[in-house]
Amino acid sequence: VAPEAAVQAGAGQQGAISYRPEFFASFQPVTAMEMIARVPGFTFDGGDDVRGFAGAAGNVLIDGQRPAAKTDNLENILRRLPASQVERLDLIRGSAPGIDMQGKTVLVNVIRKSGGGSRGLVAFANNYVIDDGRAAPALRVGGSNGRSWEASLLVARFSDDGAGDGPGVRVSPTGQLLRRSNIETEGHGHEITLTSAYETPVLGGRLRLNGLVRFEEYNYDEQNRIVAPTLFRLLDQFGEDERQLELGARFNRSLGERSSLEVTLLQRNEDEHFGETFEAPGEITFFTLDSKTGESIARSVFKHRLDDRLSFEASAEGAFNWLESKTRFVENGAPIAVPAANVRVEETRGEVQGKAIWRPDPKWTFEAGVRQEASKISSSGDVALGKTLYFTKPRATVSWAATPTLQLRGRIEREVGQLDFDDFVADTSFNTGAGVQVGNPDLNPEHAWVGELALEQRFWGKGAIVLTFRHFELKDVIDTAPVFGAGGAVFDAPGNIG
């Protein structure tokens, strides 16, 4: 059991519970991520894979700031941060002055030690060996010098634990046997990831630069030997390779004792190739997809604290996203026309936000804000279409600390999803029988009104029980709908179903 001195209410931040390294000593954590996994009453959220910066936030900050990265995800960053460089973890429930809650009701702020000199890391792991002899070794080499710079290289091989051997049975809705087979599958690949970051004082503030280069290749092979009602064989092979590049910059500067400015710039690019071959008696099908995507983001946040009880925040964000895809589908040597096979999609997105945090006394915290989002999406190529979308997204939260260990939190918010660019282009899943799924650029994003109520009971900082109730009122849900192509062909496609 950790000593009481390792847990301090409000030690690091008003409205927070601070957990120092002694609290985690019995778990012998190696990284900050392993420490976060042991924080009572906290569930890690790495953020959403969406376009833009604000909506992709996770629920962990580092020194009160969110990393200026997306491809280099939050979990990977925390796994590279050694536990020996962590001064404490602040668990913030509800909200706290000067902290951007990233739209969350609970988050952890990782406070790093100042200084600390240079450190290096060499780690090798072979997580498992499959019975056919395949292994998954990984090598990570890294180094850092306090908060000034860090670099890391990861070289790893991986095996798909969702692929394996076993029986396959397919029956009709009435229970009649349609097919019995023996299935043999194998999936594996490798990746190389290089990351780096550099931080320095600039113009009275601090500038942090970070970058990532990543290569990944994956291959999958399936043999499906049908033994009933007749004997035949199905073969499915596909491969995928990706190349990713990300560059980010974040600048922070105080504007007097009560105000601050933060500017974030981010550029991401990805190049992907996918190819699949499917063979059945009398049929050979070939499908390829080449796609390129890019995202450019600029975001600024201004914070002002009127006094210890009231603070304000305003932000603005602009982003430009694009996807370009080329698809080829051939069946028995004959090209097949696929709707939305070759398209270019572009999106210009803008968002402004304002919010206020009021703490009338230490037990109560109120937060209210509103985001206004506008986006223009257009597609060219096989499908020429354009649409402009506007959404207003209000949000309000309240937290009441009835006792030092009992807290009640409430939230009401309008959440608006994003259109997935992958829904705009064709894809395949031959081995499941789904065949080709075509693209549909004419979609509306899902949105919902969300209500949430959470009751949290803590036990002297060492444990917690959290009960949460959420209710969603959904609209414009996206699921699968039929699309009719040339010659009477019927394809699946994403569509709004209500």
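1. Strands β13 and β14 form a hairpin with two residues between them, and G282 in this turn has a positive phi of about 75°. Strands here are DSSP runs of E of at least two residues, helices are runs of H or I of at least four residues, and both are numbered from the N terminus. Two strands are said to pair if DSSP finds at least two bridges between them. By that rule, β13 and strand β14 (residues 283–305) run antiparallel and are joined by 22 bridges.

2. A note on the model and its conventions. This is a predicted model, in which local features need pLDDT of at least 70 and side-chain atom pairs count only at pLDDT 80 or more, while totals for chains, interfaces and linings use all residues. Residues are numbered from 1 along each chain as its sequence is written, and side-chain values use heavy atoms, with hydrogens and water left out.

3. Within the pairing, R243 stands opposite D271 in β13.

4. The loop between β11 (205–228) and β12 contains P229. The peptide bond from A228 to P229 is cis, with omega near 5°. Most residues other than glycine have a negative phi, and most peptide bonds are trans.

5. Q28 has a positive phi of about 50° although it is not a glycine; Q28 sits in the loop between α1 (21–24) and α2 (32–36). N332 likewise is not a glycine and has a positive phi of about 50°; its place is in the loop between β15 (310–331) and β16 (334–335).

6. How exposed are Q28 and N332? The classes used are buried for under 20% relative accessible area, exposed for over 50%, and partly exposed in between, with a 1.4 Å probe and protein chains only. Q28 is exposed, at a relative accessible area of 65%. N332 is partly exposed, at 48%.

7. S311 lies in β15 and is buried, with a relative accessible area of 11%. Contact means heavy atoms within 4.5 Å. Leaving aside residues up to four places away in sequence, S311 touches H304, R305, L306, K355, A356 and I357.

8. S325 is the other serine, also found in strand β15. S325 is buried, with a relative accessible area of 2%. From C-alpha to C-alpha, S325 and K363 are 54 Å apart in space, while 38 residues separate them in sequence.

9. Strand β17 (residues 343–361) and strand β18 (residues 364–381) pair in the antiparallel sense over 17 bridges, and a hairpin joins β17 to β18 through two residues. E351 stands opposite E373 in β18. β18 in turn pairs with strand β19 (residues 385–403), again in the antiparallel sense, over 16 bridges. There, the bridge partner of G369 in β19 is R395.

10. For the chain as a whole, there are three helices and 26 strands. With 498 residues, a compact globule would have a radius of gyration near 23 Å, and the 26 Å of the protein chain agrees with this. The radius of gyration is taken over C-alpha atoms, and the globule rule is 2.2 Å times the number of residues to the power 0.38. Along the principal axes, the C-alpha atoms fill a box of roughly 75 × 50 × 50 Å.

11. Buried residues make up 43% of the 498 residues. Among contacts between residues at least 6 apart in sequence, 60% join residues at least 24 apart. The accessible surface, from the Shrake-Rupley method with a 1.4 Å probe, comes to about 24600 Å², of which 55% belongs to carbon and sulfur atoms.

12. On charge, the mean positions of the 54 positive and 68 negative charges are 8 Å apart. Lys and Arg count as positive and Asp and Glu as negative, while His and the chain ends are not counted. The place of a charge is taken as NZ of Lys, CZ of Arg, CG of Asp or CD of Glu.
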